[in-house]
Amino acid sequence: MTERVENKEKSNGHTWSLVTRLARGYLKPHVLMLILALCFMVIAAGMTAAFALILEPVINQILIAGDVTRVWGLAFGIFLIFFIRGISGYADTVLMQQIGQTIVATIQKQMFAHFADLDLRFFHQNPSGQLISRIINDVDAVRNAVTSCLTGIGKNVMTLILLIGVMFYQDWLLAIAAFLIFPLAAVFVAWIGKKLRRTSKKIQEGKAGLSDRLSQIFQGIRLVKAYGMEAHEVEMASRSIDKVRSHVLKSERIGNLSTPVNETLVGFVVFGIIAYGGYQVAAGVTTAGELMSFIAAFTMAYEPMKKLAKLNNSLQMGLGAAERVFDMLDTQADIENKEGAEKITVKQPAITFENVEFQYEQEGRKALNSVSIDLPAGKVTALVGRSGSGKTTIMNLIPRFFDVTAGRVLIDGKDVRDVTLESLRSNIALVSQSITIFDDTVWANIGYGKEGAFQDEIIKAAIAAEADAFIRDLPDGYDTKLGEDGVSLSGGQRQRISIARAMLRDAPILLLDEATSALDNEAERAIQNTLSEIQKGRTTLVIAHRLSTVRAADQIIVLQEGDVVERGTHDGLIEKNGVYATMYQAGLND
C-alpha cells in the first residue's frame, strides 16, 4: 500500500514538472498573446452564462405572461449573445493555434539542432526512423496537449464556473445537490488520465518502431527485391501497423469510458432536478423561468464537463509524448567542446597518436591497443589490414567522431580534445566508402564541401574528380536532382561526387576511407592521379583494401587486431617479407 501511494505521489509530481517545463520553456515567450486569448475565452464563457440567464425572462415574461413588448429586445439580446460568443470563440481558437504551431516549430528546431550536435555514438544507438518519429509524431502530440488542451481547458473551466454561478443564483440548494456529480466525475477522469499516459507512451513507441521499419525497407528496397523478400517485409510492416492500431484502439476504449459514466450520472441528477423543481414550481416557491434557467445552466455546464474529461485524456496523451521529447532533449553528448577549448588553424599539420587505446561499448576486446604512430606533415600515410583490425577507428579519432579511451591524439602538438570541434573539423576533408548523396542538385551536393562556394569552384572540383563529363550528360546537368542517396547514379558516379566535394573543401588534412572502392580499374587509375595531385602539401591518411592503391604512400602502417605490427614504405615492407608482403602477394581485397 505504501509503495502505491509513493508511486502516485511520484506520478503527480512528474506530471506537474512536465506541465511546468512546457509552460516555462515554450508558453512563456507567448504570454501576451496567451493573455489576449484568455480574454476572448472569458467573453465566450460569459456569453454562455448570459444565455442561461436570459432564458428566465423569456419564459416568465413572454411565454407565460405574454408580454409582447419584450419580444424584440430579448430576441435581439439572444442574437447578440451568440454573435459575440462566435467572434470570441474564433479569436481565441486562432490565437491558441498560432501559439501551438509556433511551439511545434520551436521544439522541432530545438530537437533537430540538439540531434545535430550529438556524437556518432548516439546515432548508432538510435535508428534514424525513430528519431524522425520523435521530431514529427511526438512533437505533434505535445502540440495537441499545449494548444487544444489549454484552449479547451481554459474556455471550459471558465464556462463551467460561470454556469455554476448561474445555478447558485437561481437555486443554491438545488445547485449544491447537483454539484455532487462533479467530484465523482473528476475522480473517474483522473483514473482514466493515468491509464492513458501509459498507453500514450506505447503508441508513440509503436509509431517510432513503424517509422524505423519503413525507413529501413525503403532504403534497402533494392536488396528486398533482389532476394524476393517483398512478402516478408509486408508481413513485418503489417505487424508494426497492427501493434500501433492495437494501442490506439485501447486508448480510445479507455478515453471514451467517461461518456457512459458521465451520461448516467447526469441523467440521475436531471431526474432529481425535474422532480424537485416540478414540485417547487407547483407549490409557487419558484417560477418556471427560474427552473428552466437552472436546467439550461446545468445542461450547458455538463457539456464543458464532458469536454474537460476528453481534454484531460488528450493532455495525458500529450504529456506521455512530452516525456519522450524531453528524454531526447536531455541526452548529453559524449563528444563536446571542453571549457576553454581553443580554435586551431593548421597548414601542413603533423598528426600523432600517443599510446592510444579505444574500446567500443558492448564489445569485449579493445579496438586499439596502445597504438603509437606519427603521420608526418604534408605526407601520405596508408593504413592496411584485414577487416576489424582498427583502421577506421584510427581515422574516426582524428575528427573526434569518438574520443580515445586512453592516450592522446595530437595535431601539431595539440590534443584534439583541447581545440573546438568546429575549428578541428573545418581543417579536415573526408571521403568515405559510405557515400552520402542528398536528394538535391549536383550544385548542392558538391557545394556541401564549402559553404558559399561559387559555381566555377564547384565545376573546377568536378573536373578534377573526373565527374564533370557525366554530370553534363545528366538530364539537367548540374541542376539535376540526384534522388535519395543518389539513387539515379552508379556507384562510381556517387564516389566521384563525394571526391569532388572533398576537393572543393581544400582542407589541410585529407582522410580517404576506401575513396576509390566503387570505381572500375580505369576510373580508379584516373582518380588516383587526381588524388595524388590534391594530396601534395596535405597530411593525408588513406585506408585501402586494394594494396595496389597505396604503393606510392610515404608510409604504410599495417594493423592486426588493434595493434601496429609493421610500418614502412611499400618496397621496404615487401623486402621484410612479413605480414604486408603476405597480404600483397595474396592480393588482399576484402
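**View 1. Surroundings of D138 in the predicted model.** Leaving aside neighbours within four places in sequence, D138 is in contact (heavy atoms within 4.5 Å) with S133, Q204, A321, R324 and V325. D138 lies in helix α5, residues 128-170. Helices are DSSP runs of H or I with at least four residues, strands are runs of E with at least two, and both are numbered from the N terminus. Is D138 buried or exposed? D138 counts as buried because its relative accessibility is 0%. Buried means under 20% relative accessible area, exposed over 50%, and partly exposed in between, with a 1.4 Å probe and protein chains only. This is a predicted model: local features need pLDDT of at least 70, side-chain atom pairs count only at pLDDT 80 or more, and totals for chains, interfaces and linings use all residues. Residues are numbered from 1 along each chain as its sequence is written, and side-chain values use heavy atoms, leaving out hydrogens and water.

View 2. Helix α15 spans residues 455-464, and its residues I458, A461 and A462 are buried. They sit on the same side of α15 because they cover an arc of only 100 degrees around the axis. That arc is taken from the directions from the helix axis to the C-beta atoms. The face turned away from the buried side carries D456 and K460, which are exposed. The cover over the buried residues of α15 includes α14 (442-447), α16 (468-472) and α17 (491-505). Just after α15, E466 takes a positive phi of about 60 degrees.

**View 3. The largest nonpolar core and I556.** A nonpolar core is a set of buried Ala, Val, Leu, Ile, Met, Phe, Trp, Tyr and Cys residues joined through side-chain atoms within 4.5 Å. The largest one has 43 residues, of which I446, I471 and I556 touch the most other members. Helix α17 supplies the largest share of this core, six residues. A second, separate core of 33 residues includes L18, L118, L319 and F326. Leaving aside neighbours within four places in sequence, the contacts of I556 include V384, E566, H570 and Y580.

**View 4. An open sheet of four strands.** The strand order is β2-β1-β4-β5, with antiparallel pairing. Which strands stand at the edges? They are β2 (368-375) and β5 (414-415); each has a single partner strand, so one side of each is left without a neighbour in the sheet. Strands pair if DSSP finds at least two bridges between them. Two bridges join β4 (residues 406-411) to β5. I411 stands opposite K414 in β5.
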